[in-house]
Amino acid sequence: MKQEFLDKKVALIKNFISPEHAAECVHELRHTRMSPSDWDVAPNASSIYNPTFGLEIMCDKNSLINEIVGEYLVPTYCFSRIYRTGDTLPKHEDRAACEVSLTIHLDGDEEWLFGCFDKQLSLNPGDAVLYLGHLVPHYRVGPYRGKEYFQFFMHYVRTRGCHKKVYFDKEKRLWGSDMAVNEKKLMEELYGI
Ligand SMILES: [Fe+2]
């Protein structure tokens with residue numbers, strides 16, 4: 001992996017998709033049946049696993065993200081959530097399928113800062129933040145004060161890394177269980193420690 005990305009651990013990518021494309025994703029979400037809240041910290045949210053527009057973006061952007069991080073990645077899954085008033089996102093790290101993650105802002109009626117490692121970032125529709133999901137704690141600053149906030153997430157693993165077995169999220173899909181994050185091996189592979 002590129003040393004610059006390993007050192008910074010997080011990269012803001014302005015206009016990762018165009019604002020128009022982000023608006024199309026929001027339109028699709030508004031017309032798609034979504035599941036009720038998947039997480040008690042965001043009781044008013046709704047979500048969808050592998051939305052169609054998301055699968056398209058995830059595959060389309062794969063080679064670009066390979067180039068940014070300097071390593072061959074393969075998709076695991078994508079996800080979209082609509083947060084609503086009072087929902088939160090406490091500081092956390094992600095499961096094995098989220099070795100390299102992107103959060104992409106689609107729309108919102110209020111500012112909601114995204115905290116990641118040593119940064120708090122303001123996102124416009126179409127902007128993405130790329131980060132190492134196991135090693136970088138991430139969160140939102142405070143509860144959401146607006147009405148609706150549309151966010152989309154994409155996750156990848158390295159084809160030659162210690163979590164490669166979960167490509168296409170197949171452990172979860174086939175057996176309903178998640179592989180444990182091997183942080184020791186990951187640190188050894190990425191940072192040589
Ligand atoms: Fe996360």
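Modeller: Strand 5 and strand 10 pair in the antiparallel sense over eight bridges. Ser-101 stands opposite His-155 in strand 10, and Gly-108 stands opposite Tyr-149.

Colleague: What should I know about the model before we go on?

Modeller: The model is predicted, so local features need pLDDT of at least 70, side-chain atom pairs count only at pLDDT 80 or more, and totals for chains, interfaces and linings use all residues. Residues are numbered from 1 along each chain as its sequence is written.

Colleague: What makes a stretch a helix or a strand?

Modeller: Both are DSSP runs, numbered from the N terminus: helices are H or I with at least four residues, strands are E with at least two. The protein has six helices and ten strands.

Colleague: How do you know that strand 5 and strand 8 pair?

Modeller: Two strands pair if DSSP finds at least two bridges between them. Strand 5 and strand 8 have five bridges, in the antiparallel sense. Val-100 stands opposite Leu-132 in strand 8.

Colleague: Which strands pair with strand 4?

Modeller: Strand 10 joins strand 4 over eleven antiparallel bridges. Arg-81 has Gln-151 of strand 10 as its bridge partner. Strand 3 (residues 46-49) also runs antiparallel to strand 4, with four bridges. There, Ser-46 stands opposite Ile-82.

Colleague: What is the order of the strands in the open sheet?

Modeller: The order of its seven strands is 1-8-5-10-4-3-2, with antiparallel pairing. Strand 1 (10-13) and strand 2 (35-36) stand at the edges. Each has a single partner strand, so one side of each is left without a neighbour in the sheet.

Colleague: Why is Pro-75 called buried?

Modeller: A residue is buried if 20 or more other C-beta atoms lie within 10 Å of its own, exposed if 12 or fewer, and partly exposed in between, with C-beta atoms placed from the backbone. Pro-75 has 21 C-beta neighbours inside 10 Å, so Pro-75 counts as buried. Pro-75 lies in strand 4 (residues 73-84).

Colleague: Why is strand 4 called largely enclosed?

Modeller: Nine of the twelve residues of strand 4 are buried, so strand 4 is largely enclosed by the rest of the structure. Strand 5 gets that description because eight of its nine residues are buried. For the protein, 38% of the 193 residues count as buried.

Colleague: Which residues does Pro-75 touch?

Modeller: A contact means that two C-beta atoms, placed from the backbone, lie within 7 Å. Leaving out residues up to four places away in sequence, Pro-75 touches Met-58, Cys-59, Asn-62, Tyr-156 and Phe-168.

Colleague: What makes a set of residues a nonpolar core?

Modeller: The members are buried Ala, Val, Leu, Ile, Met, Phe, Trp, Tyr and Cys residues, joined through C-beta atoms within 7 Å. The largest such core has 45 residues. Cys-25, Leu-102, Ile-104, Leu-106 and Val-129 touch the most other members. Strand 10 gives the most to this core, with seven residues. Cys-25 touches Phe-53, Leu-106 and Phe-152, not counting residues up to four places away in sequence.

Colleague: How do you know that the buried residues of helix 3 are on the same side?

Modeller: The buried residues of helix 3 are Phe-53, Gly-54, Ile-57 and Met-58. They cover an arc of only 130° around the axis, which puts them on the same side of helix 3. The arc is that of the directions from the helix axis to the C-beta atoms. The face turned away from this buried side carries the exposed residues Thr-52, Glu-56, Cys-59 and Asp-60. The cover over the buried residues includes helix 2, helix 4, strand 4 and strand 10.

Colleague: What does the radius of gyration say about the protein?

Modeller: The radius is taken over C-alpha atoms, and the globule rule is 2.2 Å times the number of residues to the power 0.38. With 193 residues, a compact globule would have a radius of gyration near 16 Å; the protein has 16 Å, so the two agree. The C-alpha atoms fill a box of roughly 45 × 35 × 30 Å, taken along the principal axes.
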